Amino acid sequence: MNSRLTTGCVLALLLALLLGGCASGKLSYSNGVEAMRDRNYDLAVAQLTKAQKAEPSNSEFRARLAAARSLAAWEHLEKGRLLRTEKKYIEATGELQLAV
């Protein structure tokens, strides 16, 4: 009887951890999608990375993260180019490094 109770407790704990990870992943995903709508691509990448780590097999999370990374890179590239034309070379270098 005691081993059944222990097994039941362990299974309940594992289920709670699994569901907690899913909930965390979905919340991070929602936050990432909202950040993308707001064109805050760096925040979107951070949130979607959390979501993807919580649910590594979720292909939707992976695809959205790839899109956010691409948009963030493009934004940094454009900022870097603009700063370069303004002869702000140090700032331009920083933005262009973020784009890579």
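Lys-87 is found in the loop between H3 and H4, where helices (H or I, at least four residues) and strands (E, at least two) are DSSP runs numbered from the N terminus. This residue has a positive phi of about 60° although it is not a glycine. With a relative accessible area of 60%, Lys-87 is exposed; the term exposed denotes over 50% relative accessible area, buried under 20%, and partly exposed the range in between (1.4 Å probe, protein chains only). Phi of Arg-39 is near 60°, a positive value in a residue other than glycine, and Arg-39 is exposed, with a relative accessible area of 61%.

The structure is a predicted model, in which local features need pLDDT of at least 70, side-chain atom pairs count only at pLDDT 80 or more, and totals for chains, interfaces and linings use all residues. Residues are numbered from 1 along each chain as its sequence is written, and side-chain values use heavy atoms, with hydrogens and water left out. The mean pLDDT (the predictor's confidence in each residue, from 0 to 100) of the protein chain is 87, and 78% of its residues reach 70 or more. Over residues 12-17 the pLDDT is below 50, and this stretch has zero contacts in the model beyond near neighbours in sequence; contact means heavy atoms within 4.5 Å. Where pLDDT is low, the predicted coordinates should not be read in detail.

The secondary structure of the protein chain comes to four helices and zero strands, and from the N terminus on its elements run α-α-α-α. Of the 100 residues of the chain, 27% count as buried. The protein chain exposes about 7200 Å², of which carbon and sulfur atoms supply 61%; accessible areas come from the Shrake-Rupley method with a 1.4 Å probe, and for residues only the protein chains shown count as cover. Among the contacts with a separation of 6 or more, 38% are accounted for by residues 24 or more positions apart.

One aromatic pair is present in the structure. Tyr-29 and Phe-61 form this pair, which is stacked, at 4.6 Å centre to centre and with 15° between the planes. Rings of Phe, Tyr and Trp (its six-membered ring) pair if their centres lie within 6.5 Å, and planes under 30 degrees apart count as stacked, over 60 as edge-to-face and the rest as tilted. Tyr-29 lies in helix H1 (residues 2-37) and Phe-61 in helix H3, so the pair ties together parts that are 32 residues apart in sequence.

Helix H2 (residues 41-54) has 14 residues and reaches 20 Å from its first C-alpha to its last, close to the 20 Å expected at 1.5 Å a residue; the expected span is 1.5 Å times one less than the number of residues. The buried residues of H2 are Tyr-41, Ala-44, Val-45, Gln-47, Leu-48, Thr-49, Ala-51 and Gln-52. One of them, Gln-47, has a relative accessible area of 13%. Leaving aside its neighbours within four places in sequence, Gln-47 is in contact with Ser-28, Asn-31 and Gly-32. Leu-48 and Ala-66 are 18 residues apart along the chain, and their C-alpha atoms are separated by 9.1 Å. Ala-66 lies in helix H3 and counts as partly exposed at 44% relative accessibility.

In helix H4 (residues 89-99), the buried residues are Ala-92, Glu-95 and Ala-99. They cover an arc of only 65° around the axis, which puts them on the same side of H4; the arc is that of the directions from the helix axis to the C-beta atoms. The face turned away from this buried side carries the exposed residues Ile-90, Gln-97 and Leu-98. Helix H3 (59-85) is included in what covers the buried residues of H4. Leu-83 is found in helix H3 and counts as buried at 17% relative accessibility. Apart from its neighbours within four places in sequence, Leu-83 is in contact with Lys-88, Glu-91, Ala-92 and Glu-95. Leu-83 and Thr-93 are ten residues apart in sequence and 8.7 Å apart in space, C-alpha to C-alpha.
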